Amino acid sequence: MHKSKKPSGGKTKERMTEPIQGFSKLSKQEKISWIVSRYTQDPERAAQLLSAYWNEDPKLQQLHDEFIENTITNQYMPLGIAPNFLINGNLYAIPMAIEESSVVAAASKAAKFWLDRGGFTAEVLGTEKVGQVHFFFAGGTAKLQTFIDQIRPKFLEDTLGITESMSKRGGGIKDIALRDLTDRLPGYYQLHCTFETKDAMGANFINSCLEQFAETLKRESAGYVGFNEEERAIEVVMSILSNYVPNCMVRASVSCPISELDISETVSPLAFAQKMVRAVNIAQASPYRAVTHNKGIMNGVDAVVLATGNDFRAVEAAAHAYAAKDGRYGSLTHAKIQDGQFTFWIELPLALGTVGGLTKLHPLVKLNLEILQHPSAEELMQIVAVAGLAQNFAAVSSLVTTGIQKGHMKMHLLNILNQLEATEAEKALLIAHFKTNTVTHRGAINALESLRKNNGASVL
Ligand code: MEV
């Protein structure tokens, strides 16, 4: 019997919990009963809430249940649309899955602003994916290199069964190189392998190839006459793709004459352009600012990555590693003023897929890809980079003009009113009231209280 004390709101509540064996074997209903009876204050209400989030269509619910293990319900995320994105001359309406108020509004605002100024330009700079076999070798690098060069055809031969269909689509293994990292860790080497995975994100393909490379490496070294006994016993520690993809890159940009940057009534176009450049320079100079600056970029990036069923953790990890590539964490976006022209751009590593994974499985992901006109992985990279750039443009332009809170709190007002359980009629009156008044949490409470005191006649 395990006893644990769970603090709750200042009070200390005694809890009795027992570890469970075979939770995954329980039925969904049994899992729910187990969790709500042990870990919630009101099991009946908790069970009702969980079932309220199930899909009415049992087939659709089963599909979602089977995406992961131990599913007890679905946790919703709003899906919004940011229209009017002109990218390389094509007009997109971008689906965004995100819970944070003001992100979709900010993206839409930036899209509209640049629509009238030539839109966004985007290009893919590279599509190379990476995977590595990490191993230890007891001999010298020159000897190992000779061996690897000799067995390279075997690596390719042994993976023919895995690479066949990818080759037909124009992808496959690009290179298998030996990397010597013995200066960092004695005896440590990598097979640093590069891949082209076309429209697939490629994780399964890459990992399958790597695990076969590891087998080939062990088999061939065990019988290699050029090695002594110790050298033959190569120790493979692991084989796994790398989410760091600095050669799977996309660039997106916007540019216009400074005179067209009439974004603010209080800041001149030139002063605005200069402030934008300064803001980006600050993010280059200060990691504290850069993290928040890039977080704003990822608001846009992750929302589209999620909506299209891609792996946002992989995208996040790669983006932040790339932001630190020069030895100090900095901005993923850049800005310059040259010959009277303002240019704002982003360069971002993005490993995305538009086939495989959830893309054919999750009905909303399928629909979102349809809304995006069935993009190739390269087109999706461009769209995602543009969403990140637009988000950053919107955030930083607010920061250097009005500040972020005015717009953010306006968008957040509905959340506050919902929290206060305002009726639809009250919401309408309060939204009208706050069109010309600054939104604060306290201000919203006061306004709602006055409204109720005055029987809906007046907010003040
Ligand atoms: C909030 O989600 C994102 C911002 O903090 C980004 C930024 O500061 O650039 C507004």
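Predicted model: local features only at pLDDT ≥ 70, side-chain atom pairs only at ≥ 80, totals over all residues.
Local features need pLDDT of at least 70, side-chain atom pairs count only at pLDDT 80 or more, and totals for chains, interfaces and linings use all residues. Residues are numbered from 1 along each chain as its sequence is written, and side-chain values use heavy atoms, without hydrogens and water.

**View 1. Helix α4, residues 103-115.** Helices are DSSP runs of H or I, at least four residues, and strands are runs of E, at least two, numbered from the N terminus.

**View 2. The buried residues of α4.** Buried means under 20% relative accessible area (1.4 Å probe, protein chains only). Among them are Val 103, Phe 113 and Trp 114. Their cover includes β3 (79-87), β10 (249-257) and α13 (377-399).

**View 3. The largest pocket.** A pocket is an open set of points on a 1 Å grid over the protein atoms alone, where a 1.4 Å probe fits, with protein on both sides within 12 Å along at least five of seven lines; lining residues have an atom within 4 Å of a point. About 1,600 Å³ of space lies here. Of 50 lining residues, Phe 67, Gly 309, Leu 358, His 362 and Val 365 are closest to the centre.

**View 4. The second largest pocket.** Its volume is about 970 Å³. The lining has 35 residues, with Lys 109 and Ala 394 among those nearest the centre. Helix α13 gives the most, eight residues.

How values were computed: Expected span 1.5 Å × (residues − 1). Buried < 20%, exposed > 50% of the residue type's maximum accessible area, 1.4 Å probe, protein only. Contact = heavy atoms within 4.5 Å. Points joined across faces, edges and corners; volume = space filled by probe spheres on them.
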